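Subject: Model handover

Dear colleague,

Here is the model for your files. My notes follow below it.

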Amino acid sequence: MSYVRPMPEQPATEAVETRAQSDPYQAILDAAPEGILRIDLNGRIAYANRSAAVMLGLSVAELLDRPLRSYIQFLSTATGPGPEHTDDGAINVAGLTLLPLGQDSAWRENGTSFPVEYEAAPLHEDGRSLGAVVTFRDVTGRRSAEVLKDELIALTSHELRSPLTSIRSALGLLAAGHGGLMPPQGQRMFEIAVANTDRLIRLVNDLLDLERIDAGHVRITRVPCRVGELLSQSADGMRPIAQDAGVAIQVIPNDARVSGDPDRLLQVLTNLLANAIKFSPHSGGTVWLDAEATAAEVVIRVRDEGRGIPTAKLETIFDRFVQVDAGDAREKGGTGLGLAISRSIVKQHGGQIWAESTVGVGTILCVALPYHSADSARLAA
């Protein structure tokens with residue numbers, strides 16, 4: 001059933017416009033690039049800055065006293081009084097629920113829509129509820145740039161993979177001596193070329209993998225997966241690399257089951273283990289892999305004894321091409337995409353991924369996944 005946008009109310013009275021323009025901070029608020037709206041207890045617009053009016057296609061005077069829902073439609077019906085926070089952090093105002101932040105669409109006066117990022121907060125004065133404040137910004141340009149960037153990355157990656165594969169094959173044959181004996185210096189140059197070509201191929205494959213996942217082109221097959229088996233399989237696959245680095249892997253089994261794609265979940269655990277091994281101390285150390293079953297989910301943890309991550313960078317490590325230190329890419333290798341891929345896979349499974357760390361002590365990478373449905377029903381009973 002399609003939604004019919006309500007017809008706008010009559011323009012605000014001159015008295016309302018005069019009150020808005022008498023605000024001594026009006027010039028400052030009008031200079032803000034974000035749209036700012038104050039919503040009264042009746043769900044109507046009691047204040048609007050110039051940016052909000054321009055984005056919505058009206059003057060400030062025309063916008064005042066109109067229902068918020070005429071323009072901002074990422075709201076849902078609320079049942080409680082407002083403005084108060086609900087259990088999920090949303091704000092109730094006049095039978096409407098404003099999420100504290102998010103991305104959605106807003107509507108102009110001419111009936112067209114545009115993408116926005118928004119935030120909402122309750123407004124109080126002397127302990128008295130006055131309504132709420134909504135700020136929003138038009139992200140049309142950013143969305144267009146992201147689409148162009150994604151298309152460019154996908155196109156470039158596809159065009160690079162074929163020639164890189166051919167170059168790698170030729171270099172591999174030469175490095176193996178099929179082109180005749182080479183002096184030691186020439187042999188070393190071929191080995192370096194092979195290693196760097198392998199790294200480029202991994203980068204291209206990771207880019208393509210990430211783009212497919214983010215675009216929803218990777219099909220997730222959900223089956224019951226035993227967490228203990230996933231932990232053991234990922235550890236077994238990474239033990240040769242860990243042994244070369246002098247790192248021991250300790251697995252603490254768990255009998256819980258989650259619902260997901262076992263191959264993709266193994267890819268996540270392998271990425272987390274590779275990261276933990278890479279940042280373990282040069283003298284070696286231990287990486288622990290365990291899981292804890294809570295009331296609603298299973299939390300898998302990968303803990304290392306590395307240098308740790310500063311608090312300010314705990315969120316950014318899951319972004320593309322991010323390294324904790326500028327020299328990590330040269331010293332430790334990697335494409336900088338493993339954790340970004342892991343985050344996308346975990347989100348597709350309805351889970352969460354995050355990092356906890358103490359500088360100088362180590363880091364814990366955590367993945368929370370929902371129970372398998374049968375186990376969830378059994379636990380609820």
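In these notes, a residue is buried when its relative accessible area is under 20%, exposed when it is over 50%, and partly exposed in between (1.4 Å probe, protein chains only). The model is predicted, so local features need pLDDT of at least 70 and side-chain atom pairs count only at pLDDT 80 or more, while totals for chains, interfaces and linings use all residues. Residues are numbered from 1 along each chain as its sequence is written, and side-chain values use heavy atoms, with hydrogens and water left out.

Overall figures

The protein chain has 11 helices and 15 strands; helices (H or I, at least four residues) and strands (E, at least two) are DSSP runs, numbered from the N terminus. Of its 381 residues, 40% are buried. The chain exposes about 20,600 Å², and carbon and sulfur atoms supply 54% of that area. Accessible areas come from the Shrake-Rupley method with a 1.4 Å probe, and for residues only the protein chains shown count as cover. Among contacts with a separation of 6 or more, 60% are between residues 24 or more positions apart; a contact means heavy atoms within 4.5 Å.

Salt bridges

A salt bridge here is a side-chain nitrogen of Lys or Arg within 4 Å of a carboxyl oxygen of Asp or Glu. The structure holds 11 of these salt bridges.

One of them pairs Arg 343 with Asp 319, with the closest N and O atoms 3.5 Å apart. This pair links distant parts of the chain: Arg 343 is in helix α10 (residues 338-348), and Asp 319 is 24 residues away in the loop between β13 (297-303) and α9 (328-332). Asp 319 is partly exposed, at a relative accessible area of 30%, and Arg 343 is also partly exposed, at 26%.

Salt bridges that share partners join Glu 34, Glu 117, Arg 137 and Arg 142 into one network. Within it, the side chains of Glu 117 and Arg 137 meet at 3.5 Å, N to O. Glu 117 belongs to strand β7 (residues 113-125) and Arg 137 to strand β8 (residues 128-138), so that distant parts of the chain, 20 residues apart, are linked. Glu 117 also forms a salt bridge with Arg 142, where the closest N and O atoms are 2.4 Å apart. Because Glu 117 lies in strand β7 and Arg 142 in helix α5 (residues 140-175), this second pair ties together parts that are 25 residues apart in sequence. Glu 117 is buried, at 16% relative accessibility, whereas Arg 137 is partly exposed at 23% and Arg 142 is partly exposed at 41%.

Helices α7 and α8

Two packed helices are described by the angle between their axes and the distance between the axes. The axes of α7 (residues 227-244) and α8 (residues 262-278) come within 9 Å and cross at roughly 40 degrees. Axes are lines fitted to C-alpha atoms, for helices over the stretch in contact, and angles run from 0 to 180 degrees between N-to-C directions. Angles under 35 degrees count as roughly parallel, over 145 as roughly antiparallel, 65 to 115 as roughly perpendicular and the rest as oblique; α7 and α8 are therefore oblique to each other.

Single residues

Thr 286 lies in strand β12 (residues 285-293) and is buried, at 18% relative accessibility. Not counting residues up to four places away in sequence, Thr 286 touches Val 247, Ala 248, Gln 250, Arg 303, Asp 304 and Glu 305.

Asp 40 sits in the loop between β1 (35-39) and β2 (45-48) and is buried, at 17%. Its C-alpha atom is 9.5 Å from that of Leu 68, a residue 28 positions away along the chain.

Asp 65 lies in the loop between α4 (60-63) and β3 (76-77) and is partly exposed, at 36%. Asp 126 lies in the loop between β7 and β8 and is exposed, at 77%.

Regards
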